[in-house]
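Here is a short tour of one model. Keep the sequence and the 3D view open as you read.

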Amino acid sequence: MLRTSNRSSSRPSTSSVHTGNRRISQPVNPSADSPVTARAMGPLAPFRAVAGFVSKPFRRGDTAAVRATTRDPMTEAEIEDLVLKLNKIEAVKFGEFKLKSGLISPVYVDLRVIVSYPDILEQVSRMMWNKVRDTQFDIICGVPYTALPIATCMSLGFDLPMIMRRKEVKDYGTKKAIEGALKAGQTCLIVEDLVTSGASVLETLEPLQAEKLVVKDVVVLIDREQGGEAHLSKNGLRLHAAFKLSQLLDVLVKHGKVSEEVAGKVRAFIAANQTTLPAAGAAKSPEPPAPPKRQRYEERAKAAKNALAARCLELMAKKKSNLSVAADVDTAEEMLALADKVGPHVVVFKTHVDIFDKWDADIAAKLQELAKKHDFLIFEDRKFADIGNTVVSQYGGGIYKIADWSDITNAHLVPGPGIIDGLKTVGLPKGRGCLLLAEMSSKGTLAAGAYTEAVAKAALEHQDFVMGFICTNPAAWTVPMPPGLIHMTPGVQLAKGGDALGQQYNTPADVIGARGSDVIIVGRGIIAAADPAAAAAEYQKAGWEAYEKAVAGN
């Protein structure tokens, strides 16, 4: 049934509360000016508290549904009161504000704050509903995120069925873009908080039309008058605005909240900064070009300029594994025992030998024997970060003599590309490889953006020794990487999450698939398991399945 304004506004003056199998009716006083205290409500306090989450004009009827007690249009005084309230809570601010576009605006509208003011939220929903009270529609859909509480308030207050658009569609479960009960052919009203260009409305239009819903109308609290109405009209949508920004200015000037000078600056800014009109009928931006097809590891091995990178890629194809285990254990004995258990399942065994209280050539030899036995590469996660001359001594000398036994090491590029030259003088003659730290999996990392881009460019100039990267999201890089470079990603677990120290975890499917990495580095998910070997086998399987889907283009 199409919904219009001819619904009865009269409501019984009792409310029903369900408690177990009992149904208790109690009187409601819609005109009460103060809330009923929990003590006065007695044992029903928790239920009445939940029922009263909306402001005074919303109360429960005998159907136990929240309704608005009045559907009358707001008076001029009420409209001006709402404008003044929006100004008071700084939903509409004046000054100098840098916009996303880089422009400096004399006005800033931030309607996210209204969710903290139930009385204002109710006034907003009532005014917006009155703008479309004579418009026909079956269901409403709020544009995420700011308009969602407004749409919910309209739904509760005026008995309007609501559906919800997901801004980020999940890659599990139903994978729906639109949630809720709907039928093809129904007419849907889009609810938005603010319209500038109308782009966010058009982003919501597409998935609604994909569900075969009819969309003709959009209701919005504020139209910034910067071209949005014309843009939406070009896409067959009628805009119903509760306020135009110029109307808000008039009210605020009238009440002395904004000077004529400031209002003039705002009007001039709006006139001078009209948004670009999209092509007629274009409800979305052109699709980006498809990413290049993922190559198989054995094919990429042929393109590798570093011998160890080629060996690693070949080993991955041979063992059907893209797993690296991070052996962050306390003793050398634990490390060796772990290597023997997980060795059959890994291609890279990552160590942190400076954790141990002892290290000698015998321990290094035993680790190398295990690597030969189970056919894996050793990766000492040293994270070199000093000048060239210093890292030469750290890599080739000291008590650890890393270059003598570790196939792979890694380095920060903070000191500049000289660190690569220094490490190369030691490692390249021994057939070693180096991973550059381009991104890290810890929360708040500074290894991002321009730094990551600089690391990628440095790797391109040193492919004889640099075999790849430690990174988290190579699929998002703007600098294309040759197939012979390997991407290894730490912070992987079978379930997403994080720990108290800021480590962020992603799943094998996400890391290998969506993020475009090659090797998953797993620590606690394996070393803390009751059976590390079984856990390693499980991660090996998950990582390889993700890889097969990626190369198949799924």
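pLDDT is the predictor's confidence in each residue, from 0 to 100. Contact means heavy atoms within 4.5 Å. Where pLDDT is low, the predicted coordinates should not be read in detail. For the protein chain, the mean pLDDT is 84, and 81% of the residues reach 70 or more.

This is a predicted model, so local features need pLDDT of at least 70 and side-chain atom pairs count only at 80 or more, while totals for chains, interfaces and linings use all residues. Residues are numbered from 1 along each chain as its sequence is written, and side-chain values use heavy atoms, leaving out hydrogens and water.

**Helix α5**

Helices (H or I, at least four residues) and strands (E, at least two) are DSSP runs, numbered from the N terminus. Helix α5 covers residues 147–158, which makes 12 residues. From first C-alpha to last, α5 reaches 16 Å, close to the 16 Å expected at 1.5 Å a residue. That expected span is 1.5 Å times one less than the number of residues.

Is α5 mostly covered or mostly open? Mostly covered: 9 of its 12 residues are buried (under 20% relative accessible area; exposed is over 50%, partly exposed in between; 1.4 Å probe, protein chains only). Among them are Ala147, Ile150, Cys153 and Phe158. Aspartate 159 follows α5, and its phi is positive, near 55 degrees.

**Aromatic pairs**

Rings of Phe, Tyr and Trp (its six-membered ring) pair if their centres lie within 6.5 Å; planes under 30 degrees apart count as stacked, over 60 as edge-to-face and the rest as tilted. The structure holds 10 aromatic pairs.

Tryptophan 129 lies in helix α4 (residues 118–131) and phenylalanine 158 in α5, so their pair ties together parts 29 residues apart in sequence. Tryptophan 129 is buried at 2% relative accessible area. Phenylalanine 158 is buried at 0%.

Phenylalanine 384 and tyrosine 395 are both buried. Tyr297, Trp544 and Tyr547 form one aromatic cluster.

**Glutamate 80**

Glutamate 80 sits in helix α3 (residues 76–88). Its relative accessibility is 12%, so glutamate 80 counts as buried. Beyond its neighbours within four places in sequence, glutamate 80 is in contact with Val251, Lys254 and His255.
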